[in-house]
Amino acid sequence: MEDLPLVSIIIPCRNEKEFLPQCLDSILANHYPHHKIEILVVDGMSQDGTRETIKEYIEKYPFIRLLDNPKLITPIALNIGVKNSRNSIIIRLDAHAIYKIDYIFKCVTNLEKYNADNIGGIWVIIPRKNTVIGRGIAKSLSSFFGTGNAYYKIGSENFKAVDTVPYGCYKKEIFSRIGLFNENLERSQDIEFNTRLKKNGGKVYLFPEIVGYYYARSTLKEFFVHNFKDGVWAIYPLKFTKILFRPRHYVPLAFVSLLILFLSLSFFEQIFFYFFFGLTFFYLFFLIYFSIKISFLERDATFLISLPVAFAVRHFGYGLGSIWGIIKLAVSF
């Protein structure tokens, strides 16, 4: 254990009093020597008692530091953390998650073993509230119909090269080589950074044995708003970078746009009503199919109620957000 490298853990947060203690406790419980880590909590000027909670941890664990993020957005917090980090390896974690006791060790050892530039693991997505809708939302995020081929959500049997990972473990030197996180991106900064990293010859790997437990939103309103914003930031980054994301990020845009187009044109030509009806039927078929399949596999009949709603909220929220992103993009030029 004494041969392990020094690690800086960066946690951006804002108003996370409810979740941050669980996050920090899981990191502190990790089987990685405390004298070989520093934890940088970069706070967006929280007003709910988060800062007081962090200070309580600092009194017990002096290797935890509190840094201020007066501009509030995540990429700026990450860059503040990178600039203030003292160690050669950086792990970016999230306050809305807890981590297995071997998370840090497996990140670091695999990073070195495979000479990678960034590695990460899988999300086990759990609801913040154990309700029927909460469980449905969490399950929708970890299914192929809900999230496409994002392996960090749907899982993988073996380690593999991927386009992005959550909560990456990076060699610090890559930030000098390709730059920091894009501070124009309120969201999608991890995806853009990893896409840029791969375009510059970097290696990004996912290891299924590296596991974090992510708390998903548990109300339909929160879930819709979250997906709408994600949809906006699947498109709007094109204002600041010419890098395209993976095709899965644009499928909801294509689906919702075609529905709107066919419905609008059906007032002028009847054939477009049949196109609208056909696409709707096609969508409902797969919506019901995946809901029944997951309900059967999980042996939970409540998914027959919650999953169709969760899938629809995710797809339409994301798609409508992407349309708004196009509008914002057009207006900005």
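Ile 271, Phe 273, Tyr 274, Phe 275, Phe 277, Phe 281, Phe 285 and Tyr 289 make up a nonpolar surface patch with about 880 Å² of accessible area together. Patch members have over 30% relative accessible area and no salt bridge, and nonpolar side chains are joined within 5 Å. Areas come from the Shrake-Rupley method with a 1.4 Å probe. A salt bridge is a side-chain nitrogen of Lys or Arg within 4 Å of a carboxyl oxygen of Asp or Glu.

This is a predicted model, where local features need pLDDT of at least 70 and side-chain atom pairs count only at pLDDT 80 or more. Residues are numbered from 1 along each chain, and side-chain values use heavy atoms.

Phe 281 lies in helix α12, residues 271-298. Helices are DSSP runs (H or I) of at least four residues. Phe 281 is exposed because its relative accessibility is 55%; exposed means over 50%, buried under 20%, and partly exposed in between. Phe 285 is partly exposed at 47%. Tyr 289 is also partly exposed, at 41%.

Phe 285 and Tyr 289 sit four residues apart in helix α12, about one turn. The structure holds 37 aromatic pairs. Phe 285 and Tyr 289 form a stacked one, 6.5 Å centre to centre with 10 degrees between the planes. Rings pair if their centres lie within 6.5 Å, and planes under 30 degrees apart count as stacked. Both residues also belong to one aromatic cluster, including Phe 145 and Phe 316.

| Lysine | Ring | Distance to ring centre |
|---|---|---|
| Lys 160 | Tyr 151 | 3.8 Å |
| Lys 328 | Tyr 236 | 4.4 Å |

Technical notes
Patch = residues over 30% accessible without salt bridge, like charges linked within 9 Å, V, L, I, M, F, W, Y side chains within 5 Å. Helix = DSSP H or I, 4+ residues; strand = E, 2+ residues; numbered from the N terminus. Buried < 20%, exposed > 50% of the residue type's maximum accessible area, 1.4 Å probe, protein only. Phe/Tyr/Trp six-rings, centres within 6.5 Å; stacked < 30°, edge-to-face > 60°. Lys NZ or Arg CZ within 6 Å of the ring centre and 35° of its normal.
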